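Thanks for coming. I will go through the ligand site and then the aromatic contacts.

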Amino acid sequence: MQSLSTIWATRGDWFTSDGREQSIKDYIFLTNQLVWKRQASFLVAAILAAFYFDPISIFASYFVVILTEGLDELLGRKSKAWDGRDPVVGRQILKRIALNTAVSAVTISVFIINIAVQQASVGHFTPLFFLFSASVFAAIYNSQIMGILILRLSIYGFAFLFIALLDVFRYRPPLSSHIWLEFFTIIFVLYFISDISLKFYLGYQERREQMKLIKEEIEHTKAALEVKSRFLATVSHELRTPLTSIIGSLELINNDKLGLLHPGLKPLISIATRNGKRLAVLIEDLLDMQKLEAGEVAFHFKPINANNLVSEAIESTSGYANKLGIHVTTEPCEEDCQITGDHNRLIQVMVNLLSNALKFSYEGGAVKVRVENLCGRIRISVHDKGLGIPNGAKDCVFGKFSQVDSSDVRKVGGTGLGLNITKQIVERHNATIDYVSELGVGSTFYIEFDRLTNGSRPGANFEPLAKSA
Ligand code: ADP
């Protein structure tokens, strides 16, 4: 009873255009997908039957079945083009499915009954088993539209009963005969097929309901992400302008050209300036991340010499390296090391890798940057002898707002966004980024690009430029 009420409940969904469209599309998709499986079983059954029974009638029914398969294929194309809006088209498709089902089920039944009729002896194992397989196949794979499933199974049911009654009428046996046993077994099998059909139908409805919920959840999540993104962009923008003027003013006060600043205030102003700058870096990172994710960063690809790129990035971070007393050395590539990229964005990538290497090195340590040609790939690696990264921290290293050591006792600052942004930029260059590291020994971060040869066009393989920032 409960199953019947569930069917009744799911009928409501069927009458909504969404439910109907989905069921029809699922039905046709599966029917078309299984076409070769069905063809193979039809062919095997036809060859087998043709060997033992009248081949002409067997192959005649086989060809009608093949014809309905062709019609199913055509129907598949029509339903693919249907956007689900026009109910008239939906009804037409449904009528055609019903017609195809009726023709195909009647032909299969005639094909099987034909075998049973030709069997002179008592018992119809082969035709009954064919019918049973066809019914189970329908129950499993045609459960998307209840009406169509019932239509097909009813036709098979008639075929079952016809075969069951064939020997009863032929021999008019007493109730103790095995012919009656076969008859009652068939009735039992019919009940079994109806039961599994119902189970598959309800299973399909349940899966569809779950899919609907998942889709709704995804839509909600997308909408929430969109709001978060816009909020982040607006807040970051609004913070950036006043913060720039606050930092500028603090720097002016700190310079104290007129000597008006009380000496006791100087350290406080320095702390405020430093924290203001850290905040500015965080805001820049947030804006970058948001723009990259929204595809709003325009990349201007052109040929770049990897050695020059490295020199420029080292130059930009030399102040920081000097402050920490870390010596940065380079090992340039001796061969041609042209790559394609957006110059400013690649400098941003290199500066991030270098500042991390410096930041996580011990004072007075050493950082080495190497450019090499690895069989047509240009690898730039930044090697340090610093803290190192524990095993299994890759997701954390390249994740958002994630730091391997995020404890309160962490000595070095940072937003945990740098490598996530770096990875996104690198991937937009069709390049890769990775690292090897050993805790307490050091780390090597490396990025690999395709080498630009004379034949290759700069930026030819890259995604189209995103909307301008
Ligand atoms: P952060 O602003 O914290 O530096 P990143 O995204 O640049 O953020 O780096 C993420 C985390 O990866 C860092 O917090 C650090 O734990 C780890 N990491 C990155 N580079 C190195 C390095 N060269 N040596 C050790 N740890 C590193």
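**Ligand site and ring contacts**

The ligand is surrounded by 21 residues, a residue being near if one of its heavy atoms lies within 4 Å of the molecule. The closest are N356, K359, Q403, T415 and L419.

Before the details, some bookkeeping. This is a predicted model, where local features need pLDDT of at least 70, side-chain atom pairs count only at pLDDT 80 or more, and totals for chains, interfaces and linings use all residues. Numbering runs from 1 along each chain as its sequence is written, and side-chain values use heavy atoms, with hydrogens and water left out.

Back to the shell. By class, the shell residues are eight nonpolar, ten polar and three charged; here Ala, Val, Leu, Ile, Met, Phe, Trp, Tyr, Cys and Pro are nonpolar, Asp, Glu, Lys and Arg charged, and the others, Gly among them, polar. Helix 12 (343–359), helix 14 (418–428) and strand 7 (442–450) each give the shell at least two residues. Helices (H or I, at least four residues) and strands (E, at least two) are DSSP runs numbered from the N terminus. Helix 12 has the largest share, four residues.

Which atoms make the polar contacts? For these I use pairs of N or O atoms within 3.5 Å. The side chain of N356 places an N or O atom 2.8 Å from a ligand oxygen, and the side chain of D384 places one 2.9 Å from a ligand nitrogen. From G418, a backbone N or O atom is 3.3 Å from a ligand oxygen. The protein buries 97% of the 540 Å² that the ligand exposes when taken alone, by the Shrake-Rupley method with a 1.4 Å probe.

Now the rings. There are 14 aromatic pairs in the structure, counting Phe, Tyr and Trp (its six-membered ring) with centres within 6.5 Å; planes under 30 degrees apart are stacked, over 60 edge-to-face, the rest tilted. F59 and Y62 are edge-to-face, because their planes stand at 85°, with centres 6.2 Å apart. Both belong to helix 4 (residues 55–81), three residues apart, about one turn. F59 is partly exposed at 27% relative accessible area, whereas Y62 is buried at 10%; buried is under 20%, exposed over 50%, partly exposed in between (1.4 Å probe, protein chains only).

F125, F129, F132 and F192 are linked by ring pairs into a cluster.

Finally, charges over rings, with NZ of Lys or CZ of Arg within 6 Å of the ring centre and within 35 degrees of the ring normal. R379 lies over the face of Y446, 4.0 Å from the ring centre. K423 has its charged end over the ring of F398, 5.8 Å from the centre.

Conventions
Polar contact = N/O pair within 3.5 Å; in protein donor to acceptor, adjacent residues only side chain to side chain.
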